[in-house]
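Hi,

Here is the structure I promised to pass on, sequence included. Have a look at it first, and then read on for what turned up.

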Amino acid sequence: MIIKVVFPLAIPELYSYQVPAELQHEIKVGIRVEVSLRDKLYSALVYEIETEETAGITTKYIISVLDEIPIVSQKDLILWKWISDYYCCTIGEVMQMALPGGLKLESETKVQAGEVDYQDIDLNDDEFMVAEAVNVRKEITISEIKNILDRKTIYPIVRKLLEKNVISITETLIEKYSEKKIKVVSFTLDYKSEGNKVKALDMIARSEMQTNALLSIISLSKNTERVPVSDVYEMSGGNLSILKALEKKGILSIEEISTSRITNYLLDDEKLPPLSIEQKQAIETIEHAHAEDKPVLVHGVTGSGKTRLYIDLIQKCIANGKQAVFLLPEIALTTQMVDRINAIFGQDLMVYHSKLNSQERVEVWFETAKGRPLIMGARSALFLPFKSLGLIIVDEEHDPSYKQDNPAPRYHARDCAIVISKYHEASVVLGSATPSIESFENAMNHKYQLVKLLERYGAVNMPQIEVVDMAYAKKTNRVKSLFSLQLLEAITQTIEAQKQTILFQNRRGFAPIVQCGKCGHTSMCVNCDVNLTLHRYFDELRCHYCNYRRKNPIKCPECGSDDLKEIGSGTEKIEQEIKMHFPAARVARLDFDTAKSKSSFEKILSSFAKREYDILIGTQMVTKGFDFDHVTLVGIVNADSLLMYPDFRANERAYQMMTQVAGRAGRRLEQGKVIIQTHRPDHPILTDVLNQNYMNMFQRETKERDEFAYPPFYRMIILELKHKDAAYLDKAADLLVEKLKKRIEKRVIGPASPGINRVRNLYIKLITIKFEKDPKVMRFIKQLILHTKAELINKDGIKGLRINIDVDPY
């Protein structure tokens, strides 16, 4: 028997291995096997089973079989293959993305004593330290050797010790997943009755601590026979030695059991608000479209009750014995949505995203395969091994977070959801207040069923939007630092009314540029061609691309002048200014600096929802569909930074971001207010936001894109070339363009340098390929790109060049 396996590596081909006769009965497609590759051990996934005659090749044998049942279905493997073909990557890269880390095993190199005694041979100091450590501890790892020597590069030392036969090396496959064990306590058979529990209390009456522990166990055991010892400690203040004493007296039994890491939510009889007439009509239209296997796009204004629709559809899906997956663009949004619906679905609900630890992700993976009804999460949740998928919901489908930029596969979860639904025969609902132009065009062409929700739920008014001309405001002295008087007055009124304000600025840090007023010097990143951003809280200049940082200088490093000017403003500066204007206000900031971890993110949002803050200042994190009861004012501090971006999607994204952040205002009974500060009040996008006119924006943008051959009317692939040598990169890029133009001529644009043409010491060139929406043309161009890429490296001898292929880069 010969099998073809997939490794979680960017390897272009599948590898073949022989299966020993004694393991052949255990082999199935989708299970993991232990194999050797390039002197390391890996867990590879069985992709295909062949007979020896058809294979006709000599191969290595597999070492062992790791699973009894497949962890990935045949259906999922077909999907992985489609993703690798469509997005021009390897199936190993898809496996790396889809599988939780705990299921991707590789070996660890372990060093043991060799045949020669280290004391009988001449060794230098470093070699002697390693040999002595091996002798004392019998076995050490490569990482431990690095710590012993306090060096990053230790391989020359290891190689010399191997040559001298002082050490030997073995590879051991490391199991990353292990069941979670907890200690539990229960009454022994003799003390299960209430009467005997009283006797036990009498027996230990002299010991106050044992009495407290036993009373706690009696109380806790009303709900469960086995009580976690941690609960006993918390209630009684006791410890393990006290429980051991009770065990010795024959009253209790202490044991270790396996338990789940997955959070179980409690079901509550929380009544859902009734469906409005508009929502009922929407449900009917959605169900009719699903009966015809047609994806649905729900275009509902902010606050129209899209979530209420989703809940109704999920309940019906679960009632039919199917699973539903509910995708959200941000992990933080997942957390808030869980808070809203966990009472409705209880233990049917699981959450899956990258902030879960490796062990938790493995458990969610296996629970999904068993058929847990509802999974909510970010884009990666789409690739769980569903047993019987019936419904996919992609909320805020316009959000750029659904597109994976790095590493490969550079997939779009919204587009993959449509394909996955075909494999599983599931229904799809895409929802947004500001749909992507691609999705809305599909709805206009009747590929998707369009469902509109034009009114906010409960007849709540849409927010009143006001655009402030900052150029005129400055001329008439109606500006204080970064804020117009209109915005400051509105914040004052909001605080007095005991309501809340959100201020949006799409730039973190204090100031994006620190410039010398005398010589004009600006501090640049040493690894990237960007200015360093001042972060006043840390008193550091930081690069937002490679995380390089250095202390904020007191004097100019070029001329020594102390006339350093801070140009521009980020969320940190806005926070400082707001605290100066409103010293009594409680102010919070939500950006990457304050919310790096899941817990800190949740804490800020939770505190704001509980009205512990009056003003929340944030980057685009605050635009993501959050629902706060008491927010009545939203201020967009600098709309120009959204509008002046060199990208064909800039207008669409600016409209979406401003409309979304505006939608956080006045979501309950009171009408909200939105103030947008700009130097270009006549910009057509601002007019559309002001009039809440999505159709006008859509028609203008599609007209321009059709005229200039951009999506959704044409397809795009971007090739990103990277190399440490700028001249070498130019040569490689020109050669690649020359080869491509021979076959597809005018469809190739470039090479061009991006706005930031060096990141992490790698220079960048972009080649754009635009072509007509024809599947045959697309297939041909993808094959041409892959062939030309291979030719460039293998035939033309271009070394050290990275070529990233981004299909549908929007």
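Let me start with α10, where I242, L243 and L246 are buried. These residues span an arc of only 95° around the axis, which means they lie on the same side of α10. S241 and K248, on the other side of that helix, are exposed. Please keep in mind that this is a predicted model.

What do the buried residues of α10 pack against? Their partners are α8, α9 and β11. Just after α10 comes G250, with a positive phi of about 80°.

One of those partners, α8, covers residues 208–220. From its first C-alpha to its last, this helix of 13 residues reaches 18 Å, close to the 18 Å expected at 1.5 Å a residue. The buried positions in α8 are Q210, T211, A213, L214, S216, I217, I218 and L220. They pack against helices α7 (194–203), α9 (229–236) and α10 (240–248), and also against strands β9 (180–187), β10 (227–228) and β11 (252–259).

Those strands bring us to the sheet. It is an open one of 3 strands, ordered β10-β9-β11, with antiparallel pairing. Because β10 and β11 stand at the edges and have a single partner strand each, one side of each has no neighbour in the sheet. How many bridges join β9 to β10? There are 2, and the two strands run antiparallel.

Definitions and conventions:
Residues are numbered from 1 along each chain as its sequence is written. This is a predicted model: local features need pLDDT of at least 70, side-chain atom pairs count only at pLDDT 80 or more; totals for chains, interfaces and linings use all residues. Side-chain values use heavy atoms; hydrogens and water are left out. Helices (H or I, at least four residues) and strands (E, at least two) are DSSP runs, numbered from the N terminus. The expected span of a helix is 1.5 Å times one less than its number of residues. Buried means under 20% relative accessible area, exposed over 50%, partly exposed in between (1.4 Å probe, protein chains only). Contact means heavy atoms within 4.5 Å. Two strands pair if DSSP finds at least two bridges between them. The arc is that of the directions from the helix axis to the C-beta atoms.
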